[in-house]
Amino acid sequence: MGHCRISWFQCTIFSAISESHLHLDYVFTADMGEQNDSGTLFEGIQRWSESKGNITVEQMKERIYKGIRKEMLQGVQAIRTHIDVTDPTFTGLKAALEVREEVKDILDLQIVAFPQEGMYAYKGGAELVEEGLKMGADCVGAIPHFELAREFGEKSIHKTVELALKYDRLIDVHCDETDDTQSRFLELLNALVLMEGIGMKTTASHTCSFGSADNSYAFRMMKLLKKSGINFISCPTENIYLEGRQDTYPKRRGLTRVKELNDNGINVCFAQDSMSDPWYPLGNGNMMMILDHGIHIAQMMSPEEIANALDLVTLNGAVTMNLMICRTSCLRHRKISSDFLWNGNPALLWDAARISFLPMNPMYFGYTFTHRIKSG
């Protein structure tokens, strides 16, 4: 879907890659503090909390730009970044808002006001999220499974929907990012957005516990998820790395039910999540690598699934981000600054396009080759 072939190049040009879940304020911070020895989500949050106060706005902007460059060199033209607002100085948010304005002509950059340390586990967290929205964040974020008790997690979901309605924002919740099968905040989130009619503006990120849930429960939920129109994001490399840490064997993969969601016509996409931070030591902005890992881990490699695999990092991500993109579009037309990406050397554009996607064997161009394109 949405792919074209250029006769004289005999290469595939496909819809722009959408990076729907990334933490640009965390990129390349893995060496800032103590290592995450347990390799768990929760120790990662602790390590970030210990080190985040030592970063200035300018340092944060420099890091954000570094992450954006890596992504765009791999064909990404839309990024949704979660920015930690459990920081009364709003260092990360201030930096991200400045960058969003500076790159608006070449990149769709969405910002989530994300309470990394919890809306209620962090004192005043809910108020900080609301202030982040007032400052200009595009989406309301939450992390209910990190709250101090189930009741506070549920309260954070109610607050998220309340804020989204109040400020007319999108929703993207770090939802049930745990192997704990009793973590079922997805059910509450879906019910609330279904009743409010905002399911298509809502995203449930991770939902790892749904991958471990009882099949009878999952069967019931699939019908409700499809009814609401909620979107899902799976971060395959990060989820398989962080989850299953309390398992011996059999050891869970940690992903949500990507294949089943897709088979039921529910919008689901893949994302990278991290680049060398306290949660994940690797990552380089190459969404083709994420797609490669994702279709293997989710066992989505039938001929039909392979033929449609690119949708998981292109069109489906754009739908998740509520971008105004026609699903049959071949290119998103952008004015790319050579100074920004290529340092004035056009050869770098060709090299980036030619080399980045060798594993999948298409070539991608961020420029507007609209003439002599034939559908196929």
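How far is the sulfur of Cys 235 from the closest cysteine sulfur? The sulfur of Cys 235 lies 8.3 Å from that of Cys 208, which is too far for a bond.

1. Basis. This is a predicted model, in which local features need pLDDT of at least 70, side-chain atom pairs count only at pLDDT 80 or more, and totals for chains, interfaces and linings use all residues. Residues are numbered from 1 along each chain as its sequence is written, and side-chain values use heavy atoms, with hydrogens and water left out.

2. Cysteines. With a disulfide taken as a pair of cysteine sulfur atoms within 2.5 Å, the count is zero. Cys 208 is in no disulfide. Cys 208 is buried at 1% relative accessible area, and Cys 235 is buried at 0% (buried is under 20%, exposed over 50%, partly exposed in between; 1.4 Å probe, protein chains only).

3. Aromatic pairs. There are three (ring centres of Phe, Tyr or the six-membered ring of Trp within 6.5 Å; planes under 30 degrees apart are stacked, over 60 edge-to-face, the rest tilted). One of them, Tyr 120 with Phe 152, is tilted, at 6.4 Å between centres and 35° between planes. Tyr 120 is partly exposed at 24%, as is Phe 152 at 38%.

4. Another pair. Tyr 241 and Tyr 280 have ring centres 5.7 Å apart and planes at 80°, so the pair is edge-to-face. Tyr 241 is partly exposed at 30%, whereas Tyr 280 is buried at 9%.

5. Charges over rings (NZ of Lys or CZ of Arg within 6 Å of the ring centre and within 35 degrees of the ring normal). Lys 155 sits over the ring of Tyr 120, with its charged end 4.6 Å from the centre. The charged end of Arg 245 sits over the ring of Tyr 241, at 4.7 Å.
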